[in-house]
Amino acid sequence: MPKLDAKVLVLLSPLVNADLLRKGLYHIRCHVEETTAVLPDEPNQDTPINVTNCQLIASPSAAPVKGRYPKAFVSSGNTGITKTVYIQYLQQNYVFSDWFLFDVSIPLERIPENIENQSAKITLSLKLCGCEKEEASFEEFVVVSQRSVCVNIQYNGGTHDYTDVLFDFVYMAAIGVNVHAVIVGMDTEDTKLQRPIMVQPPYTSKWSIFKNHTSLEPVVYPSFKHLLGKEPENFAPRQRSAGIPAIPPRAEMYKVTLNGTSDKYKSVIKILSSTYKKLRGISSDIISHCRRSRENVDIPNFPEIHIIKGAMESDIAAVFMRASASVATVWSYFSAERIADQNFLESLIYITHRNRVSYLSNSTVDVFDPSKMSLSRYSSIARETRSTLSLESNVYCKENTELPSEASIIFVEYVSDAGPLKLTTLKTGLPDVSPSKSSTSSGDLSVNNDLGLGQEDTPNSVTSQSLNWSFTDHTYPYLLCSITGATGHHYPSDVHLVICHHGLDGHHYDLKLYKTYLELALPQVTFDFLLIKGNQGNTFNNFEAMTDQAVSEFREYMTTCMVSPTKISFIGHSLGNIVLRNMLTRAEMAKYLGCMHTFISICAPHLGTFVSSSSLVSTGMWFLQKWRGSQSLLQLQLRDHPDPHQTFIYQLSRKPTFEHFTTLLLVSSHQDKYVPFHSARLQLPEDANAICTAMLANIWEPIRRNKINVIRYTIDHSLQLSTNSFIGRAAHIAMLENGKFVEKFVILHSTKWFI
């Protein structure tokens with residue numbers, strides 16, 4: 001079976017300890033998964049994509065990674081293994097310079113006749129392997145986490161892309177994956193092909209070599225895999241069959257029509273031609289960049305590909321030879337220069353980040369008039385928005401990338417003093433007042449093409465001027481600072497402390513994803529996180545006791561920290577927000593109130609839970625309160641005192657809390673039935689009573705008086721039908737466990753408030 005020969009060049013770098021829970025030795029193993037697919041016209045025959053070889057190529061210009069641990073190598077089974085490193089502290093990073101080159105065979109039957117926007121799909125399997133020792137043999141390493149990177153090898157020019165990969169919740173290491181994948185030739189495996197049929201042109205002619213329907217002789221083509229190195233030694237043009245008369249001079253006017261299998265070979269010529277043009281364009285840009293930084297740069301003499309559109313049957317092999325040889329030459333130059341050129345990787349990371357932000361921002365809908373938004377309206381607009389999303393990345397991590405069908409749709413409502421807004425109109429008919437649609441930030445990074453780069457930017461469109469960027473108030477491309485060594489304006493004396501508190505029966509690591517993505521997205525900010533631990537397992541206690549524990553941990557932190565924080569922000573989930581608010585009423589916090597910066601309130605029962613939209617959840621919470629004797633649930637139901645005005649939640653509404661912050665982000669979901677929608681959004685329910693109305697007035701009056709930025713975020717999750725989704729728990733915990741949503745919310749809607 002004829003196969004296409006593809007080259008897949010992979011760089012795994014940098015490796016960053018985002019938040020590994022265990023120190024020790026680590027390396028990453030990479031291999032191309034061999035897959036099979038059944039063709040529609042041949043249901044009983046599999047067409048495998050397999051790897052024929054893998055080799056290690058080290059960059060000659062890169063500085064060696066120091067240490068006594070094993071260097072990168074290729075193991076049996078064509079698996080590339082990075083250098084082993086010892087990780088012992090947070091944000092420790094390593095920049096590798098070892099490339100793995102995989103030779104991949106793709107069945108010709110997979111090639112469509114029209115190659116535009118078509119691709120061959122392969123999967124890179126990445127395995128994070130670790131050993132909790134300072135010295136260990138290779139056999140002692142175990143796979144602790146695994147990720148799959150999807151690579152679409154574009155037939156029209158190949159794929160040159162980059163993505164970040166974040167491993168799992170426990171082993172949270174991040175690795176950059178740079179991929180260059182192109183089709184460079186074809187191996188016919190000496191398959192006999194039907195001779196192309198020469199047809200008579202529409203003008204008059206009295207002669208045709210097929211006039212007497214002479215039988216056709218099969219044509220045997222040489223194995224084209226040898227063309228990448230040198231021409232076949234014993235190749236000679238096929239001799240004309242004695243049964244076919246000589247072609248007269250006028251035959252040069254005849255055209256060749258490719259039928260059946262030959263149509264595939266016509267597509268292969270197009271693939272090789274487009275690959276050549278793309279590689280030559282990128283190589284030219286690399287040369288231009290090198291000329292600015294180095295003298296005496298050799299300019300290669302790239303051969304040209306001349307496609308003979310009207311080629312005779314005897315010329316087809318020569319066309320393949322010329323095309324394959326040309327691609328081999330330019331690939332050889334490109335791969336050598338790409339491995340040695342660092343700036344090209346920085347450009348890819350930058351473009352990938354911009355395109356990712358642009359893609360994610362399309363799942364944001366801005367609401368101008370919330371009175372028009374019923375719960376069913378949120379769901380219908382979310383479905384419509386998902387149908388318009390399109391993921392155009394050719395290299396992405398399956399576990400880390402939010403696909404259109406599973407996207408969480410974020411509705412944004414600017415409530416109070418959110419700054420100048422630009423009014424536009426959405427397809428849904430709702431006015432759009434989001435500053436993010438005109439510019440994701442007020443800095444250099446925005447989705448409206450400040451630098452003129454769009455979704456279809458290719459690396460060969462990047463020039464030296466776009467290599468100079470700065471991020472002052474928005475996300476920094478993940479892992480870029482690990483390569484460049486630059487983190488923007490970084491003042492170690494300015495520490496931003498973020499205090500996090502989990503919800504009912506939660507764990508102090510529940511908000512770990514918010515911590516990780518804030519640190520990755522804002523390396524120019526010196527963060528310190530205090531994850532309240534003492535209330536873990538004690539959330540059924542009363543709020544005063546939980547507040548005592550949280551304040552105690554804060555005081556302990558302040559006595560042990562080397563630098564006092566200049567900013568303090570809160571991130572809370574569910575009832576943890578009530579504990580955080582109550583902390584601000586304690587005398588121990590008085591001298592730090594001027595440092596309060598941003599409060600992210602996630603699914604918080606600020607108005608209690610006594611007005612619930614779910615009778616099922618209300619009954620369940622009542623039973624849980626009785627069974628566990630929970631004081632906190634009793635307080636949330638405003639049943640801890642006969643007089644509602646003397647209950648804990650009501651009294652808290654009268655104390656100064658939110659007004660100490662510059663920004664309040666209220667995150668909720670209409671699918672969450674554990675916490676009433678109105679309570680998390682700080683708005684009146686339809687059946688509001690006097691107590692609820694009074695609490696809202698108590699809370700909002702100082703917020704408006706102090707002109708606090710208040711933004712509501714309503715999340716519509718793409719949830720599978722289950723018991724958890726039916727009772728409303730799935731949406732409640734998705735705010736913590738759905739890493740794809742957390743990443744999007746942090747980089748699009750949170751980072752600007754943590755600068």
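Residues are numbered from 1 along each chain as its sequence is written, and side-chain values use heavy atoms, with hydrogens and water left out. Because the model is predicted, local features need pLDDT of at least 70 and side-chain atom pairs count only at pLDDT 80 or more, whereas totals for chains, interfaces and linings use all residues.

Helices (H or I, at least four residues) and strands (E, at least two) are DSSP runs, numbered from the N terminus, and two strands are said to pair if DSSP finds at least two bridges between them. Relative accessible area is classed as buried under 20%, exposed over 50% and partly exposed in between (1.4 Å probe, protein chains only). Strand β26 (residues 596-602) has seven of its seven residues buried, so this strand is largely enclosed by the rest of the structure. Strand β25 (residues 567-573) pairs with β26 in the parallel sense over five bridges, and Ile568 stands opposite Met596 in β26.

Antiparallel pairing is found around strand β11 (residues 142-154). Of the 13 residues of β11, 10 are buried, so this strand too is largely enclosed by the rest of the structure. Strand β10 (residues 119-131) pairs with β11 in the antiparallel sense over 12 bridges, with Val143 in β11 as the bridge partner of Cys129. β11 also pairs with strand β19 (residues 395-397), in the antiparallel sense over three bridges, and the bridge partner of Val151 is Val395 in β19.

Grid points are joined across faces, edges and corners, and a volume is the space filled by probe spheres set on the points. The second largest pocket has a volume of about 720 Å³, and of the 32 residues that line this pocket, Leu90, Gln91, Lys515, Glu519 and Phe527 are the closest to its centre. Two or more lining residues come from each of β1 (3-20), α6 (480-484), α7 (512-521), β24 (526-531) and α8 (543-560), and β24 gives the most, with six residues. By class, this lining has 17 nonpolar, eight polar and seven charged residues, where Ala, Val, Leu, Ile, Met, Phe, Trp, Tyr, Cys and Pro count as nonpolar, Asp, Glu, Lys and Arg as charged, and the others, Gly among them, as polar.

The search of the whole structure finds three cavities of 30 Å³ or more, and the largest cavity has a volume of about 80 Å³. Its lining includes Tyr162, Asp164, His353, Arg356 and Glu743, and the largest share of the lining, five residues, comes from α3.

The structure holds 14 aromatic pairs, where rings of Phe, Tyr and Trp (its six-membered ring) pair if their centres lie within 6.5 Å, and planes under 30 degrees apart count as stacked, over 60 as edge-to-face and the rest as tilted. The rings of Tyr378 and Phe677 have centres 6.1 Å apart and planes at 85°, so the pair is edge-to-face. This pair links distant parts of the chain, with Tyr378 in helix α4 (residues 375-388) and Phe677 in helix α13 (residues 677-681), 299 residues apart. Tyr378 is buried at 2% relative accessibility, and Phe677 is buried at 16%.

Most residues other than glycine have a negative phi, and most peptide bonds are trans. A cis peptide bond with omega of about -5° joins Ser13 and Pro14, and Pro14 lies in strand β1. Asp505, although not a glycine, has a positive phi of about 55°; Asp505 lies in the loop between β23 (495-501) and α7 and is exposed, with a relative accessible area of 53%. Leu682 likewise has a positive phi, near 55°, but Leu682 counts as buried at 1% relative accessibility.

Note on methods:
1 Å grid on protein atoms, 1.4 Å probe; cavity = no way out; pocket = protein on both sides within 12 Å on 5 of 7 lines; lining within 4 Å.
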